[in-house]
Amino acid sequence: MVSRQQTEAGATRHEDAKAVTRHEDAKAVTRQRGRPRSFDRETALEKAILAFWEHGYEATSVSDLTRVMGIGAPSLYAAFGDKRSLFDEVVREYGTRYGSFGDRALAEEPTARGAVERMLCEAAVEYTAPGHPHGCLVIHAATNCTSPEVEESLRERRNANIAAFESRIKAGIAAGELPADTNAAALARYTGAIIQGMSQQARDGASREQLEALAELAMALWPRP
């Protein structure tokens with residue numbers, strides 16, 4: 001017959017065992033949450049930039065991304081979210097790492113003409129540089145895309161660039177460096193068309209020298225005071 005003392009001792013041992021189990025479970029969760037990633041996030045992101053840049057949004061699958069990034073799908077989702085979230089980050093990082101030459105030219109050059117000339121010349125260099133796909137990711141990534149949200153976000157970025165050109169041209173008109181009757185909106189569209197055309201030409205194999213010649217010709221048509 002089991003005594004009361006034996007029953008109480010058994011219950012105590014059972015509760016102690018449960019407490020140990022809970023403690024070990026908590027330690028395991030903590031270890032899992034605190035475990036460092038087995039890949040470098042910046043390196044993986046750069047590889048994703050190159051993949052989307054080369055193939056566009058639609059043609060780049062999650063399996064393509066995991067292969068080139070060297071990670072599994074669970075790691076991709078944990079670090080970057082879904083494919084669309086990753087692409088949004090890719091576009092932002094592309095603008096910082098590869099596409100910021102235009103903003104710098106507009107901000108740093110003292111004249112609108114100088115800013116656009118510098119931008120076109122640097123585009124000829126950037127769009128044909130070795131080591132990454134040619135052309136501009138923002139211009140080409142939505143090719144054959146069936147996602148309206150992706151198309152719209154890239155369209156907004158391209159239109160924002162044209163708006164920045166127009167703003168800089170208007171400042172040039174106000175400063176007297178351009179004729180007062182210059183059509184700022186049309187000249188901004190013209191500049192955007194040249195940039196987009198240079199990007200496509202680069203994708204089609206045009207060399208840096210060929211694009212620089214195109215930029216020089218484009219500037220020959222620029223209005224003078």
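Across residues 16-36 of this predicted model, pLDDT stays under 50, and this stretch has zero contacts beyond four places in sequence. The protein as a whole averages a pLDDT of 87, with 84% of the residues scoring at least 70. Over residues 1-14 the pLDDT is below 50; this stretch has two contacts in the model beyond near neighbours in sequence. Where pLDDT is low, the predicted coordinates should not be read in detail.

The two ends of the confidence range among the elements are set out below.

| Element | Residues | Mean pLDDT |
|---|---|---|
| Helix α1, lowest | residues 4-34 | 44 |
| Helix α7, highest | residues 112-126 | 98 |

Next comes the nonpolar core. The largest one has 57 residues. Seven names stand for the residues with the most contacts inside this core: Met69, Phe80, Leu86, Leu120, Tyr127, Leu137 and Met198. Helix α2 (residues 41-59) gives the most to the core, with eight residues. In soluble globular proteins, nonpolar side chains tend to be buried together.

Which residues does Met198 touch, not counting residues up to four places away in sequence? Met198 touches Leu120, Ala123, Ala124 and Tyr127, and also Leu211, Leu214 and Ala215. Of these partners, Leu120 and Tyr127 are, with Met198, among the residues with the most contacts inside the core.

Is His140 buried or exposed? His140 counts as buried because its relative accessibility is 8%, and buried means under 20%. Leaving aside neighbours within four places in sequence, His140 is in contact with Gly135, Ser199, Gln200 and Arg203.

Conventions:
Residues are numbered from 1 along each chain as its sequence is written. This is a predicted model: local features need pLDDT of at least 70, side-chain atom pairs count only at pLDDT 80 or more; totals for chains, interfaces and linings use all residues. Side-chain values use heavy atoms; hydrogens and water are left out. pLDDT is the predictor's confidence in each residue, from 0 to 100. Helices (H or I, at least four residues) and strands (E, at least two) are DSSP runs, numbered from the N terminus. Contact means heavy atoms within 4.5 Å. Buried means under 20% relative accessible area, exposed over 50%, partly exposed in between (1.4 Å probe, protein chains only). A nonpolar core is a set of buried Ala, Val, Leu, Ile, Met, Phe, Trp, Tyr and Cys residues joined through side-chain atoms within 4.5 Å.
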